[in-house]
Amino acid sequence: MSGRLRIDVFFDFICPRCLIGKRQLERAQDLLRIQQPDVQITTVWHGVQLLPQLPVQGEPFAEFYRKRLGSAEAVSLRQAQVQQAAMAVGVPIDLSRIATMPNTADAHRLLERAAVLGSTAQRDVLLERLFAAYFQYGEDLGCHETLIAIAQACGFDADAMASVLQGDGDPYVGNEAGAGSGVPCFQFDRRLTVVGAQPAEELLGAMGEALLDSHRARLPA
């Protein structure tokens, strides 16, 4: 079956399930290309700021989670669960290196500008690098200098990218309404929605169903 498939993904950089879901989506897309090589896939990423109330400088990571989960033991258990889920899909996550729970408003603005100024490939490289900055290297995604350095390393002009960074902690306003049930959230041709870091096989099934629905809609009455 030939055709086009649009995938809208709603995510936040500080959500490990979003990174895991990204890997599952990539695997599902690879499987779809094998099964239906004539399908053209377009993926659109929508930033959702999960914690807009965070101060612009962020909060200490360990303290944030102790307050959120109630105890150091609960934090350790949750982090072990995240690490296990990440390892299962080959995602390197090093939570021990994260010092700051960042305000991600400007990180989302940076990616939004990249989608306008750069190619899809450049945007994808920046998206992957921003995830790695947080989950592998423990870099502060709320830091202006860090964001610009990452953008430059991905081939973007520093001045063009810096102009969108507000640095004032104002919430990022995007298309967060599409993620009303949580992130990661995947919408296929705006027909089917899958929420959570679901297995690649489930995402593949949703893709096939969306393509079939689209095909049926084009048939003459």
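Predicted model: local features only at pLDDT ≥ 70, side-chain atom pairs only at ≥ 80, totals over all residues.
Biologist: Which domains does the assignment give for the protein chain?

Modeller: Domain 1 covers 1-48 + 176-220, and domain 2 covers 52-173. Their C-alpha centres lie 22 Å apart.

Biologist: How many residues are in contact between them?

Modeller: 20 residues of domain 1 are in contact with 23 of domain 2. About 1,900 Å² is buried between the two domains. Carbon and sulfur atoms give 72% of that area.

Biologist: Which three residues supply more than any others on the domain 1 side?

Modeller: Phe13, Ile14 and Leu19. Together they supply 39% of the area domain 1 buries against domain 2.

Biologist: What about charges? How many salt bridges between domain 1 and domain 2?

Modeller: The count is 2. Separately, 5 residue pairs are in polar contact across the interface.

Biologist: Which element gives the largest share of the domain 1 side?

Modeller: Helix α1, with 9 residues. Both α1 (16-35) and β2 (39-47) supply at least two residues there.

Biologist: And Arg23, what does it form a salt bridge with?

Modeller: Glu128. The closest N and O atoms are 2.3 Å apart.

Biologist: New topic. In what sense do β5 and β6 pair?

Modeller: Antiparallel, over 4 bridges. β5 is residues 185-188, and β6 is 192-195. They form a hairpin with 3 residues between them. In the turn, Asp189 has a positive phi of about 55°.

Biologist: Which residue stands opposite Leu192?

Modeller: Phe188. Leu192 is on the covered face of β6, along with Val194. Thr193 and Val195 make up the uncovered face.

Key:
Residues numbered from 1 in each chain as written. Heavy atoms only, no water. Buried < 20%, exposed > 50% of the residue type's maximum accessible area, 1.4 Å probe, protein only. Pairing = 2+ DSSP bridges. Domains from an automatic or database assignment. Contact = heavy atoms within 4.5 Å. Buried area = accessible area lost by both parts, 1.4 Å probe. Salt bridge = Lys/Arg side-chain N within 4 Å of Asp/Glu carboxyl O. Polar contact = N/O pair within 3.5 Å; in protein donor to acceptor, adjacent residues only side chain to side chain.
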